[in-house]
Amino acid sequence: MAENVLMIALSPTMEEGTILNWSAKEGDTISTGDVLCEVETDKASMEYESAQEGTLLKIIKGEGSPARVGDVIAIIGEEGEDVSDLVAEAEAAPAAAPEPKAEEPKKETAPASEAAKEAAPKPAAPKASTPAPSVSPSSDDRIKASPLARKIAASRGINLGMVKGTGPAGRIVKEDVENFKAPLAPVEGVAVGGSSGNSFGSPLVDETVPVSRMRQTIAKRLAESKFGAPHFYLTLSVAMDGMVDFRKKANARAKEKLGLNPFFMKFAAEAIKRHRELNSSWLGDSIQFHGSIDIGLAVALPTGLITPVVRDCGNKGIAQIDAELKVLIDKAKNGGLAPDEYNGATFTISNLGSFGIEEFTAIINPPGSAILALGATVKTPVVNDNDELEIKNIMKMTLSCDHRTIDGAIGAAFMSDMKKMMEDPFQLLM
């Protein structure tokens, strides 16, 4: 007997998804576990595996269609079965919230890609010396492409907006990405003399692009956190010379070079052990103190921010945290993080030091109650205990706290302990 195939929640926070493409077509025989389609969720593009078996009789939600959790997206049954009633019922159901067409982002000015096509047969104008991206990198997830093509593009840092698809309906396939060669500037055949050689980067154009599910979720959750949780901030300067020396000695014994972030995560976990309020969640009429210190690290992706979580940092060594973190970050960059690998951090660290940012405040990542923002290490003149000036490597760290769960004195005590451990890491061994 024919059954409806319903959209399911592919992530804990997913309320609605968009069908990016169908891996099966009507008439195909489907087995349990077969990939039916690719769905853009609020966090990533994920494959929808069938829990049913039979013949795919009807696709209700075509490519680019939004579908709320619980909506009928297809019908599976026995070959030749009459499903006209089910189709009529599914099509009569209220449509999901309207969404802009994925492949046709609304633009306020002439689309760069179309302009480029029209201009192709004509003599090259000076502007053509720099390739105009047809779509901004942030809209990669709105472009028709196979999951494998997306994965390869992400690993090679290729903007899918610059790749021409040769698959059905212009879909980008694996071979398109593998054969892609980034155009050089200036383009062959264009005069390079005179002022044309002074063009830097891509020309800016007015453009409005649809917001991805992931960006929608980031906006919603951070707004809820910023406006719902009463934040307060604590900043301290940390002398990093002791930590640099400690890391150097640790690396001399480690099989692989250890990153800095695992040290920060371990120190934070040790400080949290002394101040459990930092590892808590506000539940409205109660506070949940977590038994496991699960620390998330904010990672910026072209499509938005994600926080891979290393679980139970309080009971792991720095080397183990480093190894797990490397795997998670690699998955994040390839869009392969599972929901339980980026949800539920009880404490979060955001590190913008590599960008040269010296000091900043971060928004708390729910369900945690605090987030630690780390800046760049900068050589700074410091007055020592003998009232003499000396140059030290100083890093500023700022703790954002939810005042519903963490009082100022508790946050300050945590920061003081964190500073002591970072300035004298051997305290960890005592």
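This is a predicted model: local features need pLDDT of at least 70, side-chain atom pairs count only at pLDDT 80 or more; totals for chains, interfaces and linings use all residues.
A search of the whole structure finds three aromatic pairs. In one of them, the ring centres of Phe 246 and Phe 263 are 6.0 Å apart and the ring planes stand at 85°, so we call the pair edge-to-face. Phe 246 belongs to helix 6, which covers residues 241-253, while Phe 263 belongs to helix 7, residues 260-274, so this pair ties together parts that are 17 residues apart in sequence.

Another pair is made by Phe 246 and Phe 426, whose ring centres are 5.2 Å apart with planes at 85°, so that pair is edge-to-face as well. Here Phe 246 in helix 6 meets Phe 426 in the segment after helix 9 (408-423), and so the pair ties together parts that are 180 residues apart in sequence. Taken together, Phe 246, Phe 263 and Phe 426 form one aromatic cluster.

Now to the nonpolar cores. Which residues have the most contacts inside the largest core? They are Phe 347, Ile 349 and Met 422, in a core that has 47 residues. Helix 7 supplies the largest share of this core, namely eight residues. If we leave aside its neighbours within four places in sequence, Phe 347 is in contact with a list of residues including Ala 268, Ile 272, Leu 372 and Phe 414. Apart from this core lies another one, of 19 residues, among them Trp 22, Met 46, Ala 74 and Ile 76.

My last stop is Thr 398, which lies in strand 18, residues 389-402. Is Thr 398 buried or exposed? At 1% relative accessibility, Thr 398 counts as buried. The side chain of Thr 398 is joined to that of Thr 235 by a polar contact of 2.9 Å. Beyond its neighbours within four places in sequence, Thr 398 is also in contact with residues including Tyr 233, Glu 359, Ile 371 and Met 415.

Notes: Residues are numbered from 1 along each chain as its sequence is written. Side-chain values use heavy atoms; hydrogens and water are left out. Rings of Phe, Tyr and Trp (its six-membered ring) pair if their centres lie within 6.5 Å; planes under 30 degrees apart count as stacked, over 60 as edge-to-face and the rest as tilted. Helices (H or I, at least four residues) and strands (E, at least two) are DSSP runs, numbered from the N terminus. A nonpolar core is a set of buried Ala, Val, Leu, Ile, Met, Phe, Trp, Tyr and Cys residues joined through side-chain atoms within 4.5 Å. Buried means under 20% relative accessible area, exposed over 50%, partly exposed in between (1.4 Å probe, protein chains only). Contact means heavy atoms within 4.5 Å. A polar contact is a pair of N or O atoms within 3.5 Å; within protein, one must be able to donate a hydrogen and the other to accept it, and residues adjacent in sequence count only if both atoms are side-chain atoms.
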